[in-house]
Amino acid sequence: MTYQSGRHFLQIPGPTNVPGRVLRAMSAPTIDHRGPEFADLAREVLAGVARLCGTGGPVALYPSSGTGAWEAALANTLSPGDRVLAFDIGHFAALWTRMATQLGLDVDVVEGDWRRGVQPEQVYEKLAADPEHRVKAVLVVQNETSTGAATAIPLIREAIDRAGHPALLLVDAVSSLGSIDYRHDEWGVDVTVAGSQKGMMLPPGLALNAISPRALEASRTARLPRSYWDWKPLLGTAETGAFPYTPPTNLLFGLREALAMLDEEGLPAVWERHARFAEAARRAVRAWGLDLVCQDPDGYSPTLTAVMVPDGHDADQVRKVILDRFDMSLGTGLGRLAGKVFRIGHLGDLNDLTLAGALCGVEMGLTLAGVPIAREGVTAALDYLASAV
């Protein structure tokens with residue numbers, strides 16, 4: 001292989017770049033996970049992720065991917081045959097729906113066009129038509145990583161309440177927590193699902209459930225099989241600092257440092273930074289003359305921008321040209337969007353110049369791949385970044 005100078009641009013929507021501070025923290029010697037130093041570490045990071053989720057309640061922290069936390073959310077609150085309401089808004093929403101079906105749940109899926117998030121009126125109409133309260137949970141992806149479409153969780157909670165329905169609200173915040181405004185308690189979320197490898201600026205390998213009192217009560221009678229994913233053995237960790245199994249010690253070192261970085265910047269500033277980068281990326285896409293996957297301006301994702309390529313062009317070929325020529329990775333189109341879409345990730349540890357460099361690579365790569373564009377996207381993004389402080 002020929003050496004490529006400079007650094008690789010990782011502009012996929014996760015895993016994201018791991019900051020040097022986090023990498024250095026993770027390189028510390030492993031400590032005894034039954035000792036007092038580890039207990040202090042565990043209590044500290046669990047309190048930190050609870051603040052990040054916006055909850056004063058318990059958080060179950062798993063050595064797993066976000067997929068494991070999906071399963072934990074379902075297995076701890078539901079029983080075989082329970083009906084759940086789900087929304088086909090993208091690839092990851094579809095995967096969570098498939099998991100629910102495989103676990104033996106009765107899934108009522110609201111079809112979607114993969115161009116927008118969950119619509120609150122659809123939630124209201126479905127639940128208002130369920131006077132017997134057969135629906136036990138509503139599954140919502142806050143930020144659909146395959147499409148760049150976000151859902152307003154407070155409006156979903158308002159729709160559930162307006163329908164007078166007791167269904168639990170389960171929210172996938174994997175690609176939003178640590179990057180987008182999120183308030184588990186204030187918004188009435190019952191289970192939050194998140195993972196370490198996106199806005200939390202860590203490698204993959206940690207996932208969590210933030211748990212409401214209603215969800216905890218439901219777990220006492222839920223009958224889906226669970227062992228590794230059982231909340232109960234984990235929930236004492238916040239007080240004792242003891243995990244029921246071997247914890248990923250060095251990932252927890254990294255988590256402590258990542259939480260410190262988020263605290264130093266301040267979460268409102270983090271959310272604003274991501275919103276600003278997203279607007280700059282969208283202005284570039286429009287100036288190129290290309291279409292966004294998301295068609296709802298109120299639902300544009302702050303963490304990624306999914307871009308449609310014109311008919312007759314292959315998005316994966318565009319990605320290959322950009323990787324080979326400029327050493328930059330972009331997200332691929334997933335599911336029904338395969339070959340039609342590339343995704344620009346702009347979340348986690350990045351700044352104005354990182355985004356500017358990424359957009360330069362996209363603009364040059366589109367031209368080299370023969371996609372007809374106006375070469376004005378970078379200029380539009382830079383003008384916005386220079387003026388939006």
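Predicted model: local features only at pLDDT ≥ 70, side-chain atom pairs only at ≥ 80, totals over all residues.

Glu279 and Arg283 both sit in helix H10, which covers residues 267-288, and because they are 4 residues apart, about one helical turn separates them. Helices here are DSSP runs of H or I with at least four residues, strands are runs of E with at least two, and both are numbered from the N terminus. The side chains of Glu279 and Arg283 meet in a salt bridge, at 2.8 Å from N to O, where a salt bridge is a side-chain nitrogen of Lys or Arg within 4 Å of a carboxyl oxygen of Asp or Glu. In general, side chains of opposite charge can pair when their charged atoms come close. Glu279 counts as buried at 18% relative accessibility, whereas Arg283 is partly exposed, with a relative accessible area of 36%; buried means under 20% relative accessible area, exposed means over 50%, and partly exposed is in between, with a 1.4 Å probe and protein chains only.

Residues are numbered from 1 along each chain as its sequence is written, and side-chain values use heavy atoms, with hydrogens and water left out.

Where else do side chains meet in a salt bridge, for instance that of Asp40? The partner of Asp40 is Arg43, at 2.8 Å from N to O, and both residues belong to helix H2 (residues 36-53), 3 residues apart, about one turn of the helix. Asp40 is partly exposed at 45% relative accessibility, and Arg43 is partly exposed too, at 30%. A further pair is Arg226 with Asp230, whose side chains meet at 3.3 Å from N to O, with Arg226 partly exposed at a relative accessible area of 25%. There is also a network of salt bridges, which links Arg157, Asp161, Asp190 and Arg214. The structure holds 25 salt bridges.

Let me turn to two loop residues. Thr151 lies between strand E7 (149-150) and helix H6 (153-162), and Thr151 is buried, with a relative accessible area of 5%. Leaving aside neighbours within four places in sequence, Thr151 is in contact, meaning heavy atoms within 4.5 Å, with several residues, among them Ile89, Gly117, Val140 and Ile156. Leu103, in the loop between helix H4 (91-102) and strand E4 (106-110), is partly exposed, with a relative accessible area of 27%. Not counting residues up to four places away in sequence, Leu103 touches Glu71, Leu74 and Leu224, while Leu103 and Asp161, which are 58 residues apart in sequence, lie 27 Å apart in space, C-alpha to C-alpha.

Finally, the chain as a whole. The chain has 13 helices and 14 strands. The radius of gyration is 21 Å, close to the 21 Å that the globule rule gives for 389 residues, so the chain is as compact as a globular protein of that length; the radius is taken over C-alpha atoms, and the rule is 2.2 Å times the number of residues to the power 0.38. Of the 389 residues, 58% count as buried, and residues 24 or more positions apart account for 74% of the contacts with a separation of 6 or more.
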